[in-house]
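Here's a quick briefing to read alongside the model. Have the sequence and the 3D view open as you go.

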Amino acid sequence: MVVCVCNAIRERDVRAAARAGCCDPLKAYASLGRRPRCGQCLSYARELIAAERSAA
């Protein structure tokens, strides 16, 4: 599933970044070499990161 349309970032990418230690969307996107543009995806990315970190 695509999380960020502007940057073509997929759910699996955000989850992998969270498992690698990124604790918020800005750090996760930066680890992928990108940065948020319109911001519509940030709340969903936060949810994914929180879920991934709580499962660890």
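R15 pairs up with E11 in a salt bridge, with the closest N and O atoms 2.9 Å apart. Keep in mind that this is a predicted model. Three salt bridges turn up in the structure, and E11, R15, R19 and E52 are linked in a network of them.

**Within helix α1**
- R15 and E11 both sit in helix α1 (residues 11-19), four residues apart, or about one turn of the helix.
- R15 is partly exposed, at a relative accessible area of 24%, while E11 counts as buried because its value of 18% falls under the 20% cut-off.

**Across to helix α3**
- R15 also forms a salt bridge with E52, where the closest N and O atoms are 2.8 Å apart.
- That pair links distant parts of the chain, with R15 in helix α1 and E52 in helix α3 (residues 42-55), 37 residues apart.
- E52 is buried, at 14% relative accessibility.
- E52 meets R19 in a salt bridge too, at 3.0 Å from N to O.
- R19 lies in helix α1 and E52 in helix α3, so this pair ties together parts 33 residues apart in sequence.
- R19 itself is exposed, with a relative accessible area of 55%.

**The loop between β1 and β2**
- N7 lies in the loop between β1 (2-4) and β2 (9-10), and it's buried at a relative accessible area of 6%.
- Leaving aside neighbours within four places in sequence, N7 is in contact with Y29, R34, R35, P36 and R37.
- A8 is in the loop between β1 and β2 as well, but it's exposed, with a relative accessible area of 56%.
- A8 has a positive phi of about 55°, even though it's not a glycine.

How values were computed
Residues are numbered from 1 along each chain as its sequence is written. This is a predicted model: local features need pLDDT of at least 70, side-chain atom pairs count only at pLDDT 80 or more; totals for chains, interfaces and linings use all residues. Side-chain values use heavy atoms; hydrogens and water are left out. Helices (H or I, at least four residues) and strands (E, at least two) are DSSP runs, numbered from the N terminus. Buried means under 20% relative accessible area, exposed over 50%, partly exposed in between (1.4 Å probe, protein chains only). Contact means heavy atoms within 4.5 Å. A salt bridge is a side-chain nitrogen of Lys or Arg within 4 Å of a carboxyl oxygen of Asp or Glu.
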